[in-house]
Amino acid sequence: MKRTGISPFPARRHLGSPINASLAPQSTCTTWGRRLLDGRVDDMIVSGGENVYPGPVAAAITSHPDVADAVLRPVPDGEFGQRLLATVEVRTDRTLIEASLREWLRHRLTRAELPRDIVIATTLPRSATGKPTREG
């Protein structure tokens, strides 16, 4: 078998190309050469020197049994530069208060990921396709 020096794993083979180099900050490469996306670069914020992606934070919030959906957006913060503001939609037959959700999240998120403000809402504003919007 002739060795060409080219990795059979596409992610490793093209890792040095400019296109894949731009993926590096928001993705990680597994030992098998597969790329796992952490989030979109334009959604990432830097909070206290740490990169924070809203996707995993929203996943942690929506895993709470009383939460139907959540929208995160960046807000300026004097101490950390930027923090997240979470608007949380509560399930129709449930009740939820900010303090209990914050305590529940404290064990699941880092200090940089924990939203500075949590707004509890009965419904979130949605686009024509039904996706929650960040406005409001």
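**View 1. Contacts across the predicted fold.** Among contacts (heavy atoms within 4.5 Å) in the protein with a separation of 6 or more, 48% join residues 24 or more positions apart. Residues are numbered from 1 along each chain as its sequence is written, and side-chain values use heavy atoms, leaving out hydrogens and water.

**View 2. Arg126 meets Asp69.** Here's a salt bridge (side-chain nitrogen of Lys or Arg within 4 Å of a carboxyl oxygen of Asp or Glu) at 3.4 Å, N to O. Arg126 sits in the segment after strand E7 (117-121) and Asp69 in strand E5 (residues 67-77), so the pair ties together parts 57 residues apart in sequence. Strands (E, at least two residues) and helices (H or I, at least four) are DSSP runs, numbered from the N terminus. Glu89 joins Asp69 and Arg126 in a network of salt bridges.

**View 3. Asp77 meets Arg116.** These side chains pair up at 3.6 Å, N to O, in a salt bridge. Asp77 is buried at 15% relative accessible area, while Arg116 is partly exposed at 32%. Buried means under 20%, exposed over 50%, and partly exposed in between (1.4 Å probe, protein chains only).

**View 4. Glu98 and Arg102 in helix H4.** Their salt bridge spans 3.0 Å, N to O. The two are four residues apart in the helix, so about one helical turn separates Glu98 and Arg102.

Notes
This is a predicted model: local features need pLDDT of at least 70, side-chain atom pairs count only at pLDDT 80 or more; totals for chains, interfaces and linings use all residues.
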